[in-house]
Amino acid sequence: MSHRLPTGGRRLTRSRRLNFTFDGKAREGVQGDTLASALMAGGQVLMGRSFKYHRPRGPVSAGHEEPNALVGIGQGSRFEPNQRATAAVLHEGMTAVSQNRFPTLENDIGAVNAKLSRFLPAGFYYKTFLWPASFWKSVYEPFIRQSAGLGRPPEGEDADRYEHFHFHCDVAVVGGGVAGIEAALNAAREGKRVLLMEQDRVWGGRTITDAGIDGIELGGQSPEAWVEDRIAELAAMENVTLRLNLQGSGVYDHGYLTAYEWVTDDRPGADAPRHRLWRIRTGLIVTATGAIERPLPFAGNDIPGVMLASAVRDYVCDYAVSPGKRVVVVTNNDDAYRTALALHGAGVEVPAVVDARPEVKGPLAARVRDAGIEILTASGIKALGGKKVSEVKVCDIDGDGTPTRTLRCAAVAMSGGWSPVPHLWSHCGGKLLWDEERAFFYPDPDRPPLGADGKGMVAAVGAAAGDLTLSESGVLGQVTLNEHAMRPVWIMPTGAGPELRSKMFLDYQNDVKVSDVQLAAREGFVSVEHAKRYTTLGMATDQGKLSNINGLAVLAGEVGSPIPQVGTTTFRPPYVPISMGAIAGEARGKIFQPLRRTPIHDWHEANGADWEPVGHWRRPYTYLKEGEDREAAVNREVKNARESLGLLDASTLGKIIVKGPDAGRFMDLLYTNMMSTLKVGRCRYGLMCSENGFLMDDGVVARLSDDTFLCHTTTGGADRIHAHMEEWLQTEWWDMKVYTSNVTEQWAQIAVVGPNARKTLEKLGGMDVSKEAMAFMDWADGQIAGIPARVFRISFSGELSFEVAVPANRGRELWEKLLSAGEEFGVTPYGTEGLHVLRAEKGFIMIGDESDGTVIPQDLNMQWAISKKKEDFIGKRGQERIHMTDPKRWTLVGLQTLDGGKLPDGAYAVAEGTNANGQRNTQGRVTSTYHSPTLGHGIAMGLVLNGPDRMGEVLEFPGTDGRVYKARIVDPVFYDKEGTKQDV
Amino acid sequence: MLILDCPYCGATCDETELTAGGEAHLTRHGPGSEDVDFETYLFMRENPKGPHFERWRHAAGCGKWFHAARHTVTMQVFGTYPAQTVEPPQEILDRISEAHPGWSWRSYGDRT
């Protein structure tokens, strides 16, 4: 049984006891524990269940690379699933729950999957859930959904806050082990601005434990003292920033590095962000990320109690925890002998070191022999046990697995060799080399990822560069760690039959075994990227940190290619999963994105506005009165505008000034209409197309002076159209003398609409708005109610209408004056839906409804707005293409249902016959559809094949509700076709 | 996350300040042009694994369009220059030749 050792535990403060719960049971640990070490100290090695087979699993590592010991930590809105117990720092009151089990961790129903494992091979999903199609909805999908997902999501809104932290430096060193500290010091002493980060809570990395076991000094000091002194020196330098609990997360182009900081995870509710996402720009990224030990693929290598040898060593030295009273060490290299020594030194019995190599020389093995520990060479094992290891069977490494000996034990410390951590090096395309002798990929210093200047922007040092023994570092002085060569072992024993191979786990979290990878290869998935996806090797939340090299080595063996030729899968950020909160940072709730408010926004808010987002603006969809629903409110607003007086806050409309000696020429190119002939004081409705010919925006243009035009755009189009103008001016017609300026926010604009519009403005006084002084499509500068105003007599409703623009800071004042003056006419503000109904009754198009990026003005019968005189305008050549002049293009018509109801939005009109997919052919679609309160029935517009030639014909529109709607093709102008209402 | 120097305002721009505008040095073909020319202008684009000339706009800054010469694989930037030109500057072409002898892009590059 795992237990706390009486002495040792470098990280522990034993006097400070911490209470926590695991699956509801009270537990105790001490200050300095991780959740995993505290659980093991209490005899609990079983910490989770695997994803596919629900196999019992315990921790295999002592750090962030952990695939097995995933737990949910926290409560309620501070709960987070899939946290690594091996990296989670224990704190008082921590609540942790195991995952992927039902009803309990000890007794899990899903474990039956393990019994069925031979029916759940690689590619199971692809092979099984194919036919019949009807099974998808009722059988396959419920089954997959029930078994999908890992952990449960937190409840409610996240109670914590998060932040982004921007940082600039010359050198960012990732990893605070000996190599990282040295690199940081070297750069700092040259005067560079340096950031040194370490994912752990302490500095020094592996060297403190390992050099301690070897009994060697660094630069004449104990490893602890060496680290302490160097960190003190760095801390005293002004140009250095040091951070623990900060993990290099992703490397992106041009020296952009993200890092993830755990701030308050060990003190929930503290007044600080829980996590920080560091966004770092640096000249050079130094990866001193060390190496990760590889598991050995032997049968039963996933039974709780089987751990990496380095992890066992860490638990013994750092946390004073042993995974069992008797621990067998199995290895193919010298490093695991340090674990045997550490265990032995802590009083834990090591029945044997099982070594795959035929002979073992070197000082480490000698010390193990001297300690009286038996070394079994040329041997492998299989592990036996249920929820924990009970014994191992020793066998000939090159045999078929026939046991030669049985060793009783409670745990196994395994080492399949070490792999440098190349993730950050590789994120931006740094290349790797294969080291045949030591069986690992390491960064090729000649092919780093490049920065903007074409020079390497990432450099690897220490173990991350393949220098596992610090031989290239200056710290060891004359000492050389004389390790005997390792023997790569990808299947243990090498002659294992199918029975054993189907129990050798490569990817613990996703339950991918040696037999699965071999099956994938036999079925033709010989590319590492294909085999990965087919078997899900390395696709779990640990991203295959422990499994990838073993997996691709097995694949290489099966397809008979050398390992470097098979290659690695792509390394992608983040290095470990980071919280969604950290990604969002401060951007949540009200500041998720900027909110644009018109000068009249607060009035709308206080008067029942039912908001609709339009770009970053909020516009009232309608104004709800007590007891009124949306539809009733819209009907009331429309009727009032038609019958008496309506007001619309049109401030969001885009307003762009185009000015200069060549403004007229430019306007002619920009719009499909002729704009240069527009007289000062007049307005003209215009269309804008893309170079493709497709309609992109519309609006009223006013000529302010000879060289100045004011272009109104749609609300959503203002910024885009301004950018469009600038693009053409700067990149195509840069000889033109024209300036543009987006003045949208400088003006408040109010549409005063309805038969009483003129009377209302006249009551306010200040300028002549009579029919004689201001004809339809005129504009004039003046004053309204003492406010400087520009009045446009334009109409998007078909009614007598004035749009009054005033300086933004006078907008609210004018709005309120219009409300008082209009009171006697029953003035009614209307929202965007009222605006839509009013325009649809008149057959006016709306960008985004009648246009969708594939529609040209000709489709909308707007040939009248396309100049034939102009040699050129943007989109003219595009509209000359064959497909654009095809008479079969669907064309705009009005649609009126036979029963007076409303057509479903977006519905298609079906035609005779079916297409190649067996779907009904179509001959048109609905682009806008409303109930018209003015006419008392549904009105719609749509694009229909040969539409204008088919007036009176009835089309069928099947709805998603199963009904078929019938509508007659009619003129799109439903109301006041002669335009008498607006011309008064 | 590229960094490009705006040749107008001199700012060292983070990619988030910029909007990408596709391939640079296109020749516009308007009304009266042949279908094949118009198609080339509107749709046909270089897709090099190597040096490339592209348009960028310093959108969250001075608002100016400029051109950048960049290697699409290594991300090396050979230079940025104003958009009001029909030819890449010779010094930038020389810089690319120095880093990638034998390169070519449309009619530009080393001819050996």
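This is a predicted model: local features need pLDDT of at least 70, side-chain atom pairs count only at pLDDT 80 or more; totals for chains, interfaces and linings use all residues.
Strands 45 and 46 of chain A make a hairpin with 5 residues between them, and in its turn A:G918 has a positive phi of about 80°.

**The strands around the hairpins**
- Strand 45 (residues 908–914) and strand 46 (residues 920–932) of chain A run antiparallel to each other, paired over 4 bridges.
- One of the residue pairs here joins A:Y908 to its bridge partner in strand 46, A:R925.
- Strand 46 also pairs with strand 47 (residues 937–944) of chain A, again in the antiparallel sense, over 8 bridges.
- On that side, A:S932 sits opposite A:H937 of strand 47.

- In soluble globular proteins, nonpolar side chains tend to be buried together.
- The largest nonpolar core here holds 193 residues, and A:V173, A:V329 and A:V412 have the most contacts inside it.
- A second, separate core has 99 residues, including A:A641, A:L670, A:M688 and A:V944.

**Where chain A meets chain B**
- On chain A, 20 residues are in contact with 21 residues of chain B.
- Helix 21 (718–731) and helix 25 (876–879) of chain A each supply at least two residues of the side that touches chain B.
- Helix 21 gives the largest share of that side, with 4 residues.
- By type, the chain A side divides into 10 charged, 5 polar and 5 nonpolar residues.

**An annotated domain**
- An unreviewed UniProt entry annotates residues 600–870 of chain A as "domain: GCVT N-terminal".
- This span is 26% helix and 29% strand, and its end C-alpha atoms lie 41 Å apart.

**A closer look at A:G826**
- A:G826 is found in the loop between helix 23 (811–821) and strand 43 (828–829) of chain A.
- A:G826 counts as partly exposed because it has 13 C-beta neighbours inside 10 Å.
- Leaving aside neighbours within four places in sequence, A:G826 is in contact with A:N640, A:S644 and A:L645.
- A:A159 is 667 residues away from A:G826 along the chain, and their C-alpha atoms are separated by 48 Å.

Conventions: Residues are numbered from 1 along each chain as its sequence is written. Chains are lettered from A and ligands numbered from 1 in the order in which they are written. UniProt positions are given in the numbering used here, feature names are shortened, and annotations may be inferred rather than shown by experiment. A nonpolar core is a set of buried Ala, Val, Leu, Ile, Met, Phe, Trp, Tyr and Cys residues joined through C-beta atoms within 7 Å. A residue is buried if 20 or more other C-beta atoms lie within 10 Å of its own, exposed if 12 or fewer, and partly exposed in between; C-beta atoms are placed from the backbone. Two residues are in contact if their C-beta atoms, placed from the backbone, lie within 7 Å. Ala, Val, Leu, Ile, Met, Phe, Trp, Tyr, Cys and Pro count as nonpolar, Asp, Glu, Lys and Arg as charged, and the others, Gly among them, as polar. Two strands pair if DSSP finds at least two bridges between them.
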